[in-house]
Structures are given as structure tokens and as C-alpha cells.
Amino acid sequence: MPQRSLAKDRDRPVARFATRREGDCLVIELAGSWTTQAIAGQDTEIYRLQPNGATTTRIELGQIEDLDTTGAWLVYHTARELKKSGTAVELSGAREEQLGLIETVSEHDVPCPGFPPPVNPLITIVLRLGQASFKIWTEARDLLNFLGYTLVVFFRTLLRPRSIRITALVSHIEQTGINALPIVGLISFLIGVVLAFQGADQLARFGAQIFTVNLVGYGVLREMGILLTAIIVAGRSGSAFTAQIGTMKVNEEIDALRTIGLDPMEVLVIPRVLALVIVLPLLTFYADMMGLLGGAVMATVSLDISFFQFARQLSQGVTIGSFWVGIIKAPVFAFIIAMVGCYEGFKVTRSAESVGRRTTTAVVEAIFLVIVLDAIASVLFSQLGI
Amino acid sequence: MEDGVAIEVSGLRTQFGMQVIHDNLDFSVRRGEVMGVVGGSGTGKSVLMRTVIGLNRPAAGRIVVLGQDMTGISPREAQALQQRWGVLFQDGALFSSLTVAQNILAPITEHTALSPRLRRDMIDVKISLAGLPPDAANKYPSELSGGMRKRAGLARALALDPEILFLDEPTAGLDPIGAAKFDELIAGLQRALGLTVVMVTHDLDSLHAICDRVSVLIDKRVKVGTIESLMGEPDPWIQEYFRGPRGRAAQGTADRKPQGGKA
């Protein structure tokens, strides 16, 4: 057994210990500071102590300056282990409060179950796959259920316009529509610029720069305007709906509404859905205009197509049908975004953490559904020859 | 600064915007005592605690904790000081993504050089000290009841063997039996580990059961004393608080049973 010195380190408190033999007696001498902060490395050696044939052990605590539960635990544990291997153990020189602490720790020697053993990764993969599939299925079913419920209440409300909550509706129109104007306008304008620039680059090879106008017109009116607006609104307002309703759920406000005889569907969901259904077509129209403006500005600046030429080419090359193809999708997308936002809000459980998780899910789901619907519409319209 | 004082606050002024919470407040806690902090809603009990532990910056005044002046303290010194106190927030404030054992482990891994085996053993001891059953170790906070979450928070606060324990409304939201048990737990730990305890509370039973002295927040200042001496104060709020029906009931129970729980 190594002989360790009790030399002092003056800078910071340190736990020191030494062992020696006095005949049949193993003497363990502890000194210094036996605290959580000061113990570093000494514990592994203490854990390894063996009686090595000694019949008695004396643990001397007289030189300990500081003892906390960690130190007390080590003393208690050493004594316990040495006793187990058949030696008599005696503590000497301890002050009363130190003995009390060791006593307290010994009373709390209750081992907890260890960290659960790692599961076979293959099983984990299969398990997660199964859970995820099941979750997708139930989510889809619940969402469809909520869609039906919302539609019923929506049309019932439309038949009884007096039950529409005007204040809430106007407030949501302001939040989701008017407040979104700057960001929607800017992004649409930039997309118009990008389309014009990229299109012109390619079309110039065939000397057909003027068709850049057609490209911008078709691109913005049919797809870009509505799709970008829907994605921005899903990110801005769909998530806000989830967060608002989710927070109310956490605060038990939804339950409070029910107890005073108000239908959360009517009070919370319908104003939001209706607001978005009204706002999104308007925003889309605005986005279309900004996109065309962006294209026109780009055409004027870098393609030498004047504003007047741009307008004439647009009116000849792009039909009003393209505009309607874009705009007609807006109310549908709006309905989907608002519904998913509200649905996820109601799915919040009573913890703040789940508000965040549900908000993320709402945005991802809404954008996913919007793009899937857009793809379906695209195929449908081209089959119908519109 | 004399050795017997754990916390010394002098001339403290805290304000949020124009609203002054404390003005020229003096407050001190002796080593090894249990200090209760009471006051009406909005008098800044929790704010006082948060200011002492450095989560709030005071507008003026001096705060000395364990001999260290908190004003103009360097981040490194602050970190060293933070390891000498433990804080139990109202609902435990456990890290929700970690199990109870991992919650307790977090400060230990961060600030000590203990071997993995000793860490594991100490987690077990702390879980038992806080009065949790062993199988709570691998549970997540969301799987625990409110009382268990508080105990787990207490176990984490005790992880580094602090000298001072700050408790924010430790018995709020517990049923009377659970609250009494929690009081007993705190009293027992305080005696066994020689802790200094600062406890913000509304609970009159807790005050009678375990507090050595009580600070009452009134008019942006504190009045300190034992419950008996505070009862002699003419202030109407204090009179109402200690002599009201609830105060009398709590005093009655405290008188009937022998002081405190088991050591």
C-alpha cells in the first residue's frame, strides 16, 4: 500500500489521507478539507482500500478541518466496506458534529436503481418507427376530425352572421393582414426581381428577352404570389394561433370558457379562420402586384424593357385566368393554415414546453399541407386546361 | 465583518422603472439560523431573495454574502460564491429534459472533480436526504407530483453541500400533511448539515414550526424579530398577520406539539 504524505497545500483546501500499519491495525488518517469541492482523486483510492490482513482498522478524523456530506459519506462507506471484509472498524478523534453528519449520511444510505441500461439500437429503431407511424396515423385522423368539426361550425356561423364576434374578427384581420403587409410586400417584390433576372439571363440566349414578362407574369400570378404569401402567413399567423390558444390551454382559460358556457370553437377558432380566409386572398392580390412591380423594375433597369412595354406584353401574354388560378387557392390555404394552427393549439398539454413543440409542428404541418395542396391543384388545373 | 453573519444587506434599494420595491432596507441573517421572510403580496419578498442571490441588480445598497461583497463582484468570484448556496425555486425549476438524477448531477459534474462512482453515490444520498424514494432517480420532472418536484429541487440545491439554502415558498401548493413533512425535512436538514436557511413563505405553520426569526416586509423595509417580539409591534399588518384567525390557529398547533421535528 502506498505511503502518502500529509504535506499541506496552502493555496486551496485539499483532502489528504495516509495509511499506515500498527501491527494488526490498519490506520487511516484523514486530514484537510473533506468537502465536495476539495475532494479530487482521493476518492478513487479510498474506494480501493483493502484491509490486507489487518484485523482492526482505525480511521482518524482528528485532523479534518472541514467535513461535508461527501466527506462523511466516504468515511461511512470506507468503514462499511472494511467491516464487510471482516475487520473491526473504529472512528477516532471526530468532533461531535462530524459524528452527527456521518450518522445522518449513514441513515440515508439508500441506493437508487442505476441509470437504465442502453437498449439494443435495432430494437430502438423498430420501436421508434412503429411509434412514429402510429403517431402520424392518429394525428392525421384527429386533424381530419377537427377539419370536419371546424367546417360544421364555420358554415353554421356563416348561416347565423350575428354570432360572429366582430371585435375578435377585426383584431385578427389586423394582426394577420395589415401587420403582414411589409414582409409580404418585400418578399414578393424581391421574388419578382429574382424571376425577371434569372429568366432574362436564359431567354436572352434565344433573343427572347421580352418573354421575361410572360415568365414573371405566369410565375408570380399562378404560383409564387400565393405560395409565398401562404408560407409567410403560416409562419407568422399559424404559429401565433397555436401559441395563443396553447397558452390559454396552459392557463386553463379554455376550461374557464367552457364553464361559463362559451364554445371555444366559436369564440377562438371561427374568428381566426374567418379572418385568415378574408385576409389571405387580399394579401395574395397585394403580393401579386408587388411581384409584378419587382419584375417590371428589374426589366426596366437591366433589360431595357420600359414600363409601358412591360404592361402591354403582360396584357397580351398573360390571361386573367392565371390571376384567378392563383387567387382561388388563397381561401383554401387560409382555411388549412388557420385550422392547423388552432388544432395544434388545442393539442397543447399543461406545460409551457409543449406550447413550443406544438407551435413548431403547426408551422411544419401547415406549410406541408399547403405545398401538397398546391401540387394537386397544379396538376388538376393543367389537366383541365386552365 | 463578524463571523456569525451569513448575509448582511444594508441600504438596499430596488426598483423596476418608477416603481420602488425596497427603499433603504437593512436585513441580516446569522449563520445557522432559519430566517423566514413574510409580507403581503407585492411587497417584494421574492425580489429580495432574487436580489441577494444576484438575479436582480439593486439600484443602491450593499449586499454581503458569506463575507463577500456582491457589488462589483467579478464573474469568477460570483461563480465561486454561487457554489456556496443552494436555491429552491417555487416549483422546483428542474431541468425538464433531464431525469432527477441528472438534475442533481448537473452542478456536481460542472463544479467538482469527484470520481463517477462517488458522484453516483452522492446522488443516492441527496435523493434520500431530500426524502425522495429511490425509484424517483430515473424519472423526469413531468412524471413527478408537485411535492416530489420540490423535493427533487431541494436535492439539486443540496448537491454541492451549500452553506446557505434559499427557499422560495417551499410549502406553497402542498397539502397540509405534505407541507408539514416538508417543514420537518428542512428543519432536520438544517440541524444535520448546519445550514443557514432563508425562506420566503406565506405559511404561518412553517413560520411557527421551523423559523428562528422572521423578517416582515412593510413599507419597503423589513422588521426583524422572533414571532413573539413581532407580536408586540404596533403595525396593523403585523398584528393582523400574527393575531388573525389563521395566525392564532398556527400558533396553537405550534404550542401543542414539541418544537420542531426529529433531528
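Modeller: A residue counts as buried if 20 or more other C-beta atoms, placed from the backbone, lie within 10 Å of its own, as exposed if 12 or fewer do, and as partly exposed in between. This is a predicted model, where local features need pLDDT of at least 70, side-chain atom pairs count only at pLDDT 80 or more, and totals for chains, interfaces and linings use all residues. Residues are numbered from 1 along each chain as its sequence is written, with chains lettered from A and ligands numbered from 1 in the order in which they are written.

Colleague: Thanks! Which helices do the buried residues of α12(A) pack against?

Modeller: Helices (H or I, at least four residues) and strands (E, at least two) are DSSP runs, numbered from the N terminus. The buried residues of α12(A) include Val355(A), Arg358(A), Glu365(A) and Val370(A). Their packing partners in chain A are α7 (212-250) and α11 (320-346).

Colleague: How far apart are the end C-alpha atoms of helix α12 of chain A?

Modeller: The expected span is 1.5 Å times one less than the number of residues. For the 33 residues of α12(A), 352-384, that gives 48 Å, and the distance between the end C-alpha atoms agrees: 48 Å.

Colleague: Is Met248(A) buried, exposed or partly exposed?

Modeller: Met248(A) sits in helix α7 of chain A. Beyond four places away in sequence, Met248(A) touches Glu253(A) and Ile254(A) (contact means C-beta atoms, placed from the backbone, within 7 Å). With 19 other C-beta atoms within 10 Å, Met248(A) is partly exposed.

Colleague: At what angle do α2 and α3 of chain A pack?

Modeller: Residues of α2(A) such as Trp73(A) and Tyr76(A) meet residues of α3(A), among them Leu101(A) and Ile102(A). Axes are lines fitted to C-alpha atoms, for helices over the stretch in contact, and angles run from 0 to 180 degrees between N-to-C directions. The axes of α2(A) and α3(A) lie 9 Å apart, and the packing angle is about 75°.

Colleague: In chain B, how many residues lie between β1(B) and β2(B) in their hairpin?

Modeller: The two strands, residues 5-16 and 19-30, pair in the antiparallel sense over eight bridges. Gln15(B) stands opposite Val20(B). Gly17(B) in the turn has a positive phi of about 60°, and the number of residues between the strands is two.

Colleague: Which residue in β4(B) stands opposite Ser10(B)?

Modeller: β1(B) also pairs with β4(B), residues 60-65, in the antiparallel sense over five bridges. Opposite Ser10(B) stands Arg62(B).

Colleague: Finally, which element gives the largest share of the side of chain B that touches chain A?

Modeller: The contact takes 27 residues from chain B and 28 residues from chain A. The elements of chain B that give two or more residues are α4 (116-129) and α6 (176-193). The largest share, ten residues, comes from α4(B).

Key
Two strands pair if DSSP finds at least two bridges between them. Two residues are in contact if their C-beta atoms, placed from the backbone, lie within 7 Å.
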